[in-house]
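This report covers a few local features of one protein chain. Please have the sequence and the structure open while reading.

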Amino acid sequence: MDLYRRAAPPAPPGPPAAAPEPPDQLAALAARLRALPPSCGPVRLVAVDGHAGSGKTTFAGRLAAALGGAPVLHTDDLATHDELFAWTGRLRAQILDPLARGAAAHYAPYDWVERRFTAASRRLDPAPVVLVEGVGSGRRALRPHLARLLWMELPEAESWRRGQLRDGPEMSTFWDGWLLAERAHFAADPSRPHAEILVMQRNEGYELLTGPAEAP
């Protein structure tokens with residue numbers, strides 16, 4: 001071996017390597033959810049909870065698309081003006097019990113303009129993954145039936161500001177009552193400590209973080 005052999009001159013630098021594409025967070029999450037064991041009959045029931053105005057409906061819609069068109073149940077269809085959070089009985093009787101049997105669920109959504117439940121019934125089939133989104137969807141009574149609980153990680157003040165901007169001044173009276181009701185609900189039955197995944201909205205897409213329930 002020639003210890004004094006001259007090293008070959010370094011190769012000229014090439015073009016900089018392209019930055020790797022960021023992973024598709026929703027596609028990866030969809031795959032994780034499909035791989036979970038069923039939690040309610042044949043269904044993997046997944047809750048998307050968070051403060052009003054935190055982006056739950058939009059995120060649930062995008063996650064449902066990533067899941068190939070998973071059904072989404074909105075708790076606003078179960079709540080009423082007089083029962084903003086007292087909809088557990090309707091959820092159990094109309095949704096959880098049929099899904100647990102592997103049967104389709106049927107429910108009449110609440111009309112927030114007419115202030116009554118509609119006459120037309122909606123069908124919710126026991127798909128492999130069913131999303132339930134809304135404030136309080138990660139409540140104590142529902143958690144035993146959940147495969148995963150996701151929490152939209154946006155502080156209440158910012159969430160409520162966004163929600164009130166979205167709804168406009170004509171809804172200000174409703175929001176006055178809502179803020180008190182939401183605070184009272186989460187004080188008695190908090191969801192965030194039981195979330196396995198925290199969802200943070202970024203300028204482009206979402207970032208998924210380990211939730212308090214999964215933290216070491």
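Contact here means heavy atoms within 4.5 Å. The model is predicted.

H51 sits in the loop that runs between β1 (44-49) and α2. Its relative accessible area is 11%; buried means under 20%, so H51 counts as buried.

Which residues is H51 in contact with, leaving aside its neighbours within four places in sequence? They are K56, V135, W151, L154, P155, E156, S159, W160, E182 and F186. With one of these residues, E182, H51 also forms a side-chain polar contact of 2.6 Å.

## Helix α2

Helix α2 spans residues 56-66, and its buried residues are K56, F59, A60, L63 and A64. Seen down the axis of α2, these buried residues fall within an arc of 135 degrees, so they line one face of the helix.

Just after α2 comes G68, which takes a positive phi of about 85 degrees.

## The loop at R115

R115 is placed in the loop between β4 (110-111) and β5 (116-117). Phi of R115 is positive, near 60 degrees, in a residue other than glycine.

Is R115 buried or exposed? With a relative accessible area of 52%, R115 is exposed, because the cut-off for exposed is over 50%.

Methods:
Residues are numbered from 1 along each chain as its sequence is written. This is a predicted model: local features need pLDDT of at least 70, side-chain atom pairs count only at pLDDT 80 or more; totals for chains, interfaces and linings use all residues. Side-chain values use heavy atoms; hydrogens and water are left out. Buried means under 20% relative accessible area, exposed over 50%, partly exposed in between (1.4 Å probe, protein chains only). Helices (H or I, at least four residues) and strands (E, at least two) are DSSP runs, numbered from the N terminus. The arc is that of the directions from the helix axis to the C-beta atoms. A polar contact is a pair of N or O atoms within 3.5 Å; within protein, one must be able to donate a hydrogen and the other to accept it, and residues adjacent in sequence count only if both atoms are side-chain atoms.
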